[in-house]
Amino acid sequence: MDLGIRGKRGLVCAASKGLGRGCAEALAEAGVNLVINARGSDALHQTAFEIADKYKVEVTPVAADITTDAGRAKVLEALGQADILVTNAGGPPPGMWMDWTRDDFIKAVDANMMTAILLMQALVPGMMERGWGRVVNITSQSVKTPIGVLGLSNTARAGLTGFVAGMSRQVAGRGVCVNNLLPGIHDTDRAVSLDGGVAKAEGISAAEAREKRQKTIPTGKYGTAADFGATCAFLCSQQAAFIVGQNILLDGGASNSVM
Ligand code: NAP
């Protein structure tokens with residue numbers, strides 16, 4: 001299917017690896033010129049080179065911590081304006097609810113709520129002026145089915161979800177569609193690290209932890225960054241013009257609910 005976005009300009013945050021990279025690849029395949037971001041410069045430049053080489057689009061890497069004011073300013077300066085914004089950042093660490101300090105919460109809210117909101121505030125007004133835009137925020141399955149040890153993530157992402165619920169309806173009339181994509185367990189470094197946490201907590205091997213976690217998913221396996229990215233690219237397509245303010249769960253059926 002032609003997504004109708006060839007020649008558009010997009011920003012994909014936290015995109016040298018994992019789900020962000022999956023989104024960047026799928027958008028590049030659809031012909032979108034990109035600015036991609038991550039903190040580590042080497043992997044980011046390599047990813048930018050590989051994507052540009054494979055899909056023959058412009059890919060500009062900007063190494064910066066997207067959760068900081070300085071990092072966002074650097075990325076926005078290189079970007080200029082954008083038609084498509086994919087917000088993403090690393091997830092907070094697991095832990096116990098009574099151990100988290102105020103600083104832990106502020107850090108999680110900065111990374112997984114305020115970063116997305118501030119980027120939307122910077123870029124959506126231009127999209128509204130030009131009458132077309134797409135925003136996809138990468139959040140988490142934990143928004144719909146909170147996971148106790150990921151309480152910092154549950155808290156920050158619930159705040160972003162509430163913001164998007166209101167704001168997406170305020171901008172839709174100007175051609176801008178804002179939605180959230182909620183990953184369940186996907187085969188990325190983050191999943192491997194969480195497997196390690198389960199292995200440590202339960203005194204089992206990482207392979208056993210993975211097998212155990214896979215059994216909680218009806219499909220019996222982890223999702224892939226490529227499939228996740230394809231869904232993101234569809235949400236950024238012309239055809240997604242009637243999808244507004246949704247929280248779309250990609251979890252292999254793991255969350256057992258009807259809504
Ligand atoms: P990942 O494989 O660990 O990849 C993280 C990417 O983000 C890397 O490119 C990393 O590069 C970049 N990054 C991390 N922190 C950054 C920052 N502060 N500024 C800029 N770039 C940053 O993670 P993932 O699995 O793709 O997960 C993406 C998001 O989805 C996370 O918020 C995660 O919590 C959430 N999620 C993932 C899963 C899953 O199963 N994978 C499930 C639910 C939710 P650098 O380290 O070089 O910066």
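Mentor: Start with what meets what: Gly-18, Leu-19, Gly-22, Cys-23, Ala-26 and Leu-27 of α1 touch Ala-225, Phe-228, Gly-229, Ala-230, Cys-232 and Ala-233 of α8, where contact means heavy atoms within 4.5 Å. This is a predicted model, with local features needing pLDDT of at least 70 and side-chain atom pairs counting only at pLDDT 80 or more. Residues are numbered from 1 along each chain, and side-chain values use heavy atoms, without hydrogens and water.

Trainee: What makes α1 oblique to α8?
Mentor: Helix α1 (residues 18–29) and helix α8 (residues 225–235) pack at about 55°, their axes 7 Å apart. Under 35 degrees is roughly parallel, over 145 roughly antiparallel, 65 to 115 roughly perpendicular, and the rest oblique. So α1 is oblique to α8. The α1 crossing of α8 is right-handed, meaning the near helix is turned clockwise from the far one by less than a right angle.

Trainee: Why is α3 called roughly parallel to α4?
Mentor: Helix α3 (residues 69–79) and helix α4 (residues 102–130) cross at roughly 30°, with axes coming within 12 Å. That angle therefore makes α3 roughly parallel to α4. Arg-72, Leu-76 and Leu-79 of α3 make the contact with Thr-115, Leu-118, Leu-119, Ala-122 and Leu-123 of α4.

Trainee: And by class, how does the contact of α3 with α4 divide?
Mentor: Into six nonpolar, one polar and one charged.

Notes
Axes are lines fitted to C-alpha atoms, for helices over the stretch in contact, and angles run from 0 to 180 degrees between N-to-C directions. Helices (H or I, at least four residues) and strands (E, at least two) are DSSP runs, numbered from the N terminus. Ala, Val, Leu, Ile, Met, Phe, Trp, Tyr, Cys and Pro count as nonpolar, Asp, Glu, Lys and Arg as charged, and the others, Gly among them, as polar.
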